[in-house]
Amino acid sequence: MEILSTNKAFGGEQIVAKHASEVCGCDMTFAVYLPPAAAYGPVPVLWYLSGLTCTHENAMTKAGAQAAAAEAGIALIFPDTSPRGEEIANDEAYDLGQGAGFYVNATETPWAPHFNMWDYVKTELPALLFKEFPLDANRQGITGHSMGGHGALTLAMTDPEQYKSVSAIAPIANPTQSDWGRKQLTAYLGADEAKWAAHDATLLMTEKGFPGPVMVDQGAADQFLDLLKPEALAQAAAARRQPFEFRMLDGYDHSYFFVASVMADHVWFHAEQLDK
């Protein structure tokens, strides 16, 4: 691991680093915010997964999460959204390829050698960070925005032992029924739609749910609302009587202005759940 930068923020430390990823077959950059409490021992962890076109940097600089994290005593981790490099497969469209890993392990050509973001976020990066930083592996929560909200929900419902809390901001909630999903799942996983179900939050909510409260915020003026399909997830949660806080917030769009407006609420939601 190579430290690229460190900055003091709200009494804690904002770190950017890179490492050679075996599962992605390239160097991967990530950011970690350590609250002041980390100076005294391991702290709980909140993973933040970003959306299409983003890197580790977008949420680190735009979400405004550090102030609440410092006060709550919780670390923040901002992974990248895909493998990157000249040797890595890409696509001319913004919503496929580099910057659009969709948090799956690709099985199809040309994506399979590098696009293994599920294993990267769930296994490889945690193994590195829990060794290098004072983080409590038994208290992990996960959240994300848009494509990252999709990743957060699917990872948490698949492995609630690892992720003790989950929330999402404007997630892609039903990708098997959306153009933001069908295109990418076909490219990465192939045409067999049965393989897609493990990466659809609405289908996972119907099948498994989550053993704890789930929090989802959605802007009512989101320009991508028809692609996100939050109503499908909310209906699935209601059908299984899942503890589910869903806020449709008037006037907010899909931008980081919305993320920053609700981010502190999500940090405190996770801090409360991880303290139980």
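**Basis.** I number residues from 1 along each chain as its sequence is written. The model is predicted, so local features need pLDDT of at least 70, side-chain atom pairs count only at pLDDT 80 or more, and totals for chains, interfaces and linings use all residues, while side-chain values use heavy atoms, with hydrogens and water left out.

**The sheet.** I took helices (H or I, at least four residues) and strands (E, at least two) as DSSP runs, numbered from the N terminus. I found an open sheet of 9 strands with mixed pairing, in the order β1-β2-β3-β5-β4-β6-β7-β8-β9. Strands pair if DSSP finds at least two bridges between them. β1 (2-9) and β9 (244-249) stand at the edges with a single partner strand each, so one side of each lacks a neighbour in the sheet. From one strand to the next the twist averages 20°. β8 and β9 run parallel and are joined by 6 bridges.

**Helix on the sheet.** I noted that helix α9 (residues 256-274) packs on the sheet, touching β4, β6, β7, β8 and β9; contact means heavy atoms within 4.5 Å. The direction of α9 makes about 170° with that of β7. Such angles run from 0 to 180 degrees between N-to-C directions, with axes fitted to C-alpha atoms, for helices over the stretch in contact.

**Asp222.** I located Asp222 in the loop between β8 (214-219) and α7 (225-228). Buried means under 20% relative accessible area, exposed over 50%, and partly exposed in between (1.4 Å probe, protein chains only). The side chain of Asp222 reaches the backbone nitrogen of Phe224 at 2.8 Å.

I placed Phe246 in strand β9. With 29% relative accessibility, Phe246 counts as partly exposed. Beyond four places in sequence, Phe246 touches Val216, Gln218, Pro230 and Ala234. In helix α8 (residues 230-239), I listed buried residues including Pro230 and Ala234. The buried residues of α8 pack against α4, α6, β8, α7 and β9.

Methods. Polar contact = N/O pair within 3.5 Å; in protein donor to acceptor, adjacent residues only side chain to side chain.
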